[in-house]
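Colleague: I have not looked at this one before. Can you walk me through it?

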Amino acid sequence: MSKELSYLEAIREALAEEMRRDPKVFVLGEDVGAYGGAFGVTQGLHEEFGDLRVVDTPISESAIIGISVGASQRGYRPVAEMQFADFISCGFDQIVNQAATLRFRYGGRATVPIVVRAPSGGNVGGGLYHSQNAEAWFIHRPGLKVVAPSTPYDAKGLLKAAIRDDNPVVYFEHKYLYRRAKGPVPEGDDEIVPIGAAATRREGNDATLVAYGAMMLPSLEAADRLAKEGVEVEVIDLRTLLPFDKQAIFQSLDKTSRLLIVQEDVKTLGIASEISAVIMEEKFDALDAPVMRVTYPDTHPPFSHILEAANLPNADTIAAALRRLVEY
Amino acid sequence: MPPIKRTKFKLSSEQLLEMFYWLKLIRAFDLRLSTLVKQGKVRSGVYTGIGQEAIIVGTCFGLRREDFICPLHRDLGAFLMKGVDARTMMSQMFAKATGLSKGRDSALHSGVNELGIFGNTSMLGANLPVAAGIGFTFKMEKSDNVVIAYFGEGASNVGDFHEALNFAGVQQLPIVFICENNQYAYSVPLEKTMAIDDVAIRAEGYGFEGVAINGNDVLAVYQAMQGALARARGGDGPTLIECKTYRWHGHSEHDKAFYRTDEELAMWKSRDPIPTFTTYLRARHVLDDAKLKEIEDQAAHTIDDAVEFASNAPDPAAADAVTDLYA
């Protein structure tokens, strides 16, 4: 029986194992040193690896990413922590104009092996600037990869894959899952979860539900409820948003002919929009119903629990959408 | 922190002539580019550094291959001095497949890690945090290599400048920050963009020394650079050298620069770094008419050859518009 870790511990274990395996891996960010990070993800790392591999930075998100790009050009594999995904806007230029374009403008003669960790998402009472989902900003940018694990297993395996990847990877870790999600993790230095591969979390023939991150929890709960009503929903965890696993969705649609996409991000131009467009272009004939979405409304994450709960997709709203989908 | 030493330096006649060659070559390269733009043979933005060559020659001369430079959009000469050949640079400007970026970008946005050159983006100042990252790796390795990070006085108003200099100061990184203060941020004169006279004093706020020097005197630049390099290689941290200069052409070749007076331009042209250095070399009997002609011919030949090569080089394949996005 393998050990069980929380999602947060899984991230920490991936960092520690990769730093032990490869001296070129180092972490930098605000409060990541002796304090161990705002959420405690990097606890113990400073003690083990010291000032030069666990680097407390000033409040300088743009420099944190820029420093990472610079180090990567000398063969290092920096893992930059944005304290909250919301703050990633302060480092936006260095990600989208510096890191994402570098290989292209160098004529393919260089790589940019950096990881930007971004604690994202709501349902933690964080308010406007500690709850955002910023993934859509980056799936729009060629040259980047974007991942968003939902389990401790994937949190560890995908972070290892991201660190070993030669491209800039934005790694969205969901704050709601930090201590709530517990489970087994991949063991051994070489156990990774490949970037670009979705995972089927539940099989079914009546409808396909695609989600990721913390939305996996209410999605699976909604699928359980539908099962009691005699409807078997296939639930796919995207895990990687850029590039997303088209084939996994296509194969499921061949069975079910119906697709619901759930995202915690706001509705307009999110990953759900893109998946829906791809299905229209390439898989229209497989559909027996229009593609449906359950998303955050196009608004900002409010502080009040009442207001935030009104915005977040939940098992009730997802189950209701699934019923509309199968009855269409 | 010890002030940078007014280092005595000794340059041999050969070295002085080599510096002179670089000044001539870089000037000739930019002048030819300007002509090629007018002829319609080079499209897109060309940002010449005509009038500013002494900064590049004075700071790049004698660098190690392992030292890393993070040049600006006007610093084509830095690429040449750090080891990229003229044919490749001209191909880059012609957007040919033989250029550094294979036609993806005509400007200086492409680096060469093996030669210690970082290619900046158009977001000015964005190269400075990158320089800090490279400098941090030298610190991790306890190496005495140095990063030379270039920026204009305009970019010293960007957040990245302050974030990078602050980090470099805190970490005592082996970086020499070179401000090419050419008086204008595109069209806006510096008195409208900053309330200080010298960018150099900004270094003090980050815990290291800044000096303002005559950027049109190649030996003054070289001397200040040797002091800053010695400090950086010795583990004593960064230095900012502000080189006062002037760009003769507009921001880019399409810019007629109506925002400045003829008198101002004439005044700065009288401080042209090349005749000044020529006079010095003649007075020291390092340069005579024959040697001058030889150097000018060599520079002209290099440029002619590069233009010939780039003109006949293959264009990029259309399919390469979507390649090299991922490793």
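Modeller: One term to begin with: two residues are in contact if their C-beta atoms, placed from the backbone, lie within 7 Å. Also, this is a predicted model.

Colleague: Fine. What is B:Ile175 in contact with, leaving aside its neighbours within four places in sequence?

Modeller: Its partners in chain B are B:Ala131, B:Ala132, B:Gly135, B:Val146, B:Val147, B:Ala149, B:Ala168, B:Ala232 and B:Pro238.

Colleague: And which residues have the most contacts inside the largest nonpolar core?

Modeller: B:Ile175 is one of them, along with A:Leu322, B:Ala132, B:Ala149 and B:Val176; the core has 194 residues. Helix 1 of chain B, residues 13-38, gives the most to this core, with nine residues. The core also draws at least three residues from each of domain 1 (4-184) and domain 2 (199-327) of chain A.

Colleague: Switching to chain A. How many helices and strands?

Modeller: Chain A has 11 helices and 14 strands. Its radius of gyration is 19 Å, close to the 20 Å that the globule rule gives for 328 residues, so chain A is as compact as a globular protein of that length. Buried residues make up 58% of the chain.

Colleague: What about helix 1 of chain A, mostly covered or mostly open?

Modeller: Mostly covered, with 12 of its 15 residues buried. Among them are A:Tyr7, A:Ile11 and A:Met19.

Colleague: What covers those buried residues?

Modeller: The cover includes strands 1, 2, 4 and 7 of chain A, together with helix 2 (45-49) and helix 6 (152-164).

Colleague: How far does helix 1 of chain A reach?

Modeller: From first C-alpha to last, 21 Å, close to the 21 Å expected at 1.5 Å a residue.

Technical notes
Residues numbered from 1 in each chain as written. Chains lettered and ligands numbered in written order. Predicted model: local features only at pLDDT ≥ 70, side-chain atom pairs only at ≥ 80, totals over all residues. Helix = DSSP H or I, 4+ residues; strand = E, 2+ residues; numbered from the N terminus. Expected span 1.5 Å × (residues − 1). Buried ≥ 20, exposed ≤ 12 C-beta atoms within 10 Å, placed from the backbone. Core = buried A, V, L, I, M, F, W, Y, C linked by C-beta atoms within 7 Å. Domains from an automatic or database assignment. Rg over C-alpha atoms; globule rule 2.2 N^0.38 Å.
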